[in-house]
Amino acid sequence: MTSSVQKSEVRRNTAVSAFFCALLAAVLLCFVAIPDSDFSDVEKRKLSLFPELTLSAVTNGRFEDALEVYLQDQFPARKAFVGIGSYFDALLQRNGVDGIYHGTDGYLFNEPVTQDDAKLSRNIALLNSFAKSSGVDAYLMTVPSAGYVLSECLPVGSRTYRDGEIIERAADLADAFCSVELCSAFSQSKSASQLYYKTDHHWTSAGAYIAYSEFAKNADFLPASRESFTVESVDSFYGTTYSKAALWFKKPDTLELWQGAIGKNVSVTVGDLDGKKKTTDDMFFREHLTQYDMYPVYLDGNHAYTVITNPDAAGGSLLMLKDSFGNSIAPFLAQSFKTVVMVDLRHYRTQPVSSLAEEYGVDTLLAVYSTDDIVNDANFTWLK
Amino acid sequence: MKKLFCLIICSALLICAGCSDSAKVEESTAAPVTVSPSIDIEALAQEIYDGLKFDDTVTNVPGSSAIGSYFLPESYTGRCAYYISTAATPEELAVFESTADCSAEALMLAARERITSQSESYASYAAKEVPKLDSAIIYECDGIVVVCVSADNESAEQHIKSCLA
């Protein structure tokens, strides 16, 4: 009897050991057999490849660090494991642990921007200085975050969004600018239209249109009517907050392309300071719609500068200093301005923006920045 | 026997943990140091720059630009030298002198924030450039802080150390 029990225990232990050995061997085999990938579409980031093995790298620890990151990035079924981890966190109510709040109605929100008056003051002072030297009408549009506007969708216990205070402070400091206030207009419209994507931190085209209309009120021109646009909808858009949250079963967003009536003769040039440049006749770069990251469909995403010319528009020449929020409002602005010159200071720093403004005869200046970038972008220092 | 085995494993773990070196950047643990006025920061930066490899055109700009780029306090009075790319790549070289008001620790913290911010920015602009930022060098020696993002950070690290030795 005792011998029988012992045999049974040995068999069970052997089976357990064999199972775990087989599991480890299977993981190892998968690791070796599956080719390395250098980019994760869903996470929108480069993955680490096998590090270069040198004596100095081993002795100073860099090889070991890089190897650890490589193993994490290339682990078999990585996407599934990352997702399991995120759903497990959600199950444990660890909302916001990855910098993303899981709101109601499918919204994923970036955590709030931290107020930093010293940084904000410095950035606004640089903008003021540029606006004064340019001598043109200047407008500042600070875009509130989705978490601030849609606060009713935030989970219980989330940190307070202080975008209203940041925007008000920026408006007070920006004495060379007329401030385009969006919070009220967004609050009034949020029940009628979806102003922000659920899986991305950007505003939707509907949100951008409202911002364009508010700018028109401040700058005293008649905006193109909503009915004058032909709207094309594209499904299956997943944005930045989806990539960070790794909740892979979330429903995708619908991306809208609003084609203006005054756009038959549009010309768009996007360029970077390494000399790369391309010109096209469409503000929507549709090749991005077949890629995982669709947001660059608006003007090919971020570039050092972009110039849109629309000879049929009534207005003059607009210089827009912007972050990525500017990409989706620009097609609306091109309905009202003959020339829209967009500059992204994160990638435009060795040449003076004033020369570009002079070249295109700019008569209006618009700065479009999210609350995050108006506070934290260190690149206003290149504005001259 | 089991207890002995556990003891050996625990000891090994503790010893191995002591051997690990996971920091990507070299941390400064020294007390505040006054940099000798005889050290020519511009010449040092030029020497470092001459031994680095860049994919982009990287040019020397006034050191004061680095105060803005790194969000250093406006009261920062230290000497600094700054080389930047066209912004098509994140490549740059910055050499800072720590001061009584702005320690090497503070400079390194500002450098880390700059690298993080650049990583986020380049992820949506030129993702292939992000690995250069992942392996950026932030090195401190005797109160001088060097920040380097180059095409070959592995060899850049050795070169920077030899220049500051």
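1. Strand 11 of chain A (residues 305–309) has 4 of its 5 residues buried, so it is largely enclosed by the rest of the structure. Buried here means under 20% relative accessible area, exposed over 50%, and partly exposed in between (1.4 Å probe, protein chains only). Strands are DSSP runs of E with at least two residues and helices are runs of H or I with at least four, numbered from the N terminus.

2. This is a predicted model, in which local features need pLDDT of at least 70 and side-chain atom pairs count only at pLDDT 80 or more, while totals for chains, interfaces and linings use all residues. Residues are numbered from 1 along each chain as its sequence is written, chains are lettered from A and ligands numbered from 1 in the order in which they are written, and side-chain values use heavy atoms, with hydrogens and water left out.

3. Strand 11 of chain A is joined by 5 bridges to strand 9 (residues 267–271) of chain A, and the two run antiparallel. In this pairing, Val307(A) of strand 11 has Thr269(A) opposite. A further 5 bridges link strand 11 of chain A to strand 13 (residues 337–343) of chain A, again antiparallel; there Tyr305(A) has Val343(A) as its bridge partner. Two strands are taken to pair if DSSP finds at least two bridges between them.

4. The largest nonpolar core contains 49 residues, and Met141(A), Trp203(A), Ile308(A) and Leu333(A) have the most contacts inside it. Helix 9 (residues 205–219) of chain A gives the most to this core, with 7 residues. A second, separate core of 34 residues includes Leu120(A), Leu127(A), Val343(A) and Tyr348(A). Such a core is a set of buried Ala, Val, Leu, Ile, Met, Phe, Trp, Tyr and Cys residues joined through side-chain atoms within 4.5 Å.

5. In chain B, 5 strands form an open sheet in the order 1-2-3-5-4, with antiparallel pairing. Strand 1 (59–61) and strand 4 (137–141) of chain B stand at the edges with a single partner strand each, so one side of each lacks a neighbour in the sheet. Strand 2 (residues 80–84) and strand 3 (residues 92–97) of chain B are antiparallel and joined by 5 bridges; Cys80(B) has Phe96(B) in strand 3 as its bridge partner.

6. Which helix of chain A supplies the largest share of the nonpolar patch? Helix 1 of chain A does, with 5 residues. Ile84(A) lies in helix 4 of chain A and, at 53% relative accessibility, counts as exposed.
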